[in-house]
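Biologist: I am new to this one. Could you show me the structure and take my questions?

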Amino acid sequence: MTLSSSCSFSKVSISSFCFVFFMFLLIGNSSAQLSENFYGKKCPNVFNVVSSIVHSVVAKEPRMGASLLRLFFHDCFVNGCDGSVLLDDTSSMKGEKTAPPNKGSLRGFEVIDVIKSKVEAGCPGVVSCADIVAITARDSVVNLGGPYWKVKLGRRDSKTASFNDASSGAIPSPFSTLANLINRFKAQGLSTKDLVALSGAHTIGKARCVVYRDHIYNDTDIDSAFAKSRQRNCPRKSGSIKDNNVAFLDYKTPNHFDNVYYDNLINKKGLLHSDQVLFNGGSTDSLVKTYSNNPKAFESDFVNAIIKMGNIKPLTGSKGEIRKQCRRAN
């Protein structure tokens, strides 16, 4: 029996109940929906503020565009896109910044601080840090030559963060098997196609020696000349300052958001183990080939996937808060 048929009684009291019930459903449903025009009246200049700052920062350091995009990914994969990754530790809370997937490698917090400060000056208490991270990710991609998409907004900020949740394996590691990657994305409601498309974000940015060392010395699914060239900057022995030496994830066009990443995988020149498993005789080989041959297909699927990722468990309505500063709860 549908709700409409169950609410077709003639008694006034029941009809009134049904009206209130339907209104509750409508309000509850709309509050959980993100909208491209969420700040249209309340803070229409937010996009210009973010765009201007991201353009300036990425022009000075292209790698920061990749770092800001990664910040969005790491935020969404731990309890949803709620800005929790931005919170500093406190005496009563150990947050996500020092969790293994983030410690010493997650960057861009200062950029978010600058953007938040500028936005607060014009629209105090209106725009969430979680939404700023989402817009910043889009603008970073665009500034590096990638596709544009309309960002859905209306997220609110969490009041807390969890070191344990960020350390639980929710964020796939660079040492992941293909099966693990697929399962980690599936746990977030993302498909295998989403996994392969979002992995294309590794067309920009750099990785530290400590996360690709094992791949270039011990894996067999890697071009030998490519492995040797990476070994020059990343010694086999760990435990030295050289652990933090970096290499481009896409050695051909490292500062341009394109589909060359997939060409690299086909040629066994993926920097990370978790990159190369996408093209190693498994179920994702065909998608890698598709994106290598068809940049438009990659861009379209990437946009669809990142919008989908941005919808992971957002806090909306009266949940959470709008932080005044992104590093701490109000």
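Biologist: Which residue caps the N-terminal end of α11?

Modeller: This is a predicted model, in which local features need pLDDT of at least 70, side-chain atom pairs count only at pLDDT 80 or more, and totals for chains, interfaces and linings use all residues. Residues are numbered from 1 along each chain as its sequence is written, and side-chain values use heavy atoms, with hydrogens and water left out. A side-chain oxygen lies 3.2 Å from the backbone nitrogen of A225, and a polar contact is a pair of N or O atoms within 3.5 Å, one able to donate a hydrogen and the other to accept it, where residues adjacent in sequence count only if both atoms are side-chain atoms. The residue that supplies this oxygen and caps α11 is D223.

Biologist: Within what arc do the buried residues of α11 fall?

Modeller: Helices (H or I, at least four residues) and strands (E, at least two) are DSSP runs, numbered from the N terminus. In α11, residues 224-231, the buried ones are F226, A227 and R230; buried means under 20% relative accessible area, exposed over 50%, partly exposed in between (1.4 Å probe, protein chains only). The arc is taken from the directions from the helix axis to the C-beta atoms. Seen down the axis of α11, the buried residues line one face, because they fall within an arc of 100°.

Biologist: What covers that buried side, and which exposed residues sit on the face turned away?

Modeller: The cover includes α10 (209-218) and β2 (246-248). The face of α11 turned away from its buried side carries the exposed residues A225 and K228.

Biologist: Where does the chain link C209 to C234, and how far apart are their sulfur atoms?

Modeller: A disulfide is a pair of cysteine sulfur atoms within 2.5 Å. C209 lies in helix α10 and C234 in the loop between α11 and β2, 25 residues apart. Both C209 and C234 are buried. Their S to S distance is 1.9 Å.

Biologist: How many disulfides does a search of the whole structure find?

Modeller: One of them joins C43 and C123, with sulfur atoms 2.1 Å apart. C43 is in the loop between α2 (12-31) and α3 (46-60), and C123 in the loop between α5 (109-122) and α6, so this pair ties together parts 80 residues apart in sequence. Another joins C76 and C81, at 2.0 Å. The search finds four.

Biologist: Is H74 buried or exposed?

Modeller: An unreviewed UniProt entry annotates H74 as "active site"; such annotations may be inferred rather than shown by experiment. H74 is in helix α4, residues 62-76. Contact means heavy atoms within 4.5 Å, and H74 touches E96, P101, N102, L106 and I171, not counting residues up to four places away in sequence. Because its relative accessible area is 4%, H74 is buried.

Biologist: Which backbone oxygen lies 2.8 Å from a polar atom of the side chain of S140?

Modeller: S140 lies in helix α6, residues 129-143. S140 has a relative accessible area of 0%, so S140 is buried. The backbone oxygen 2.8 Å from its side-chain polar atom belongs to T136.
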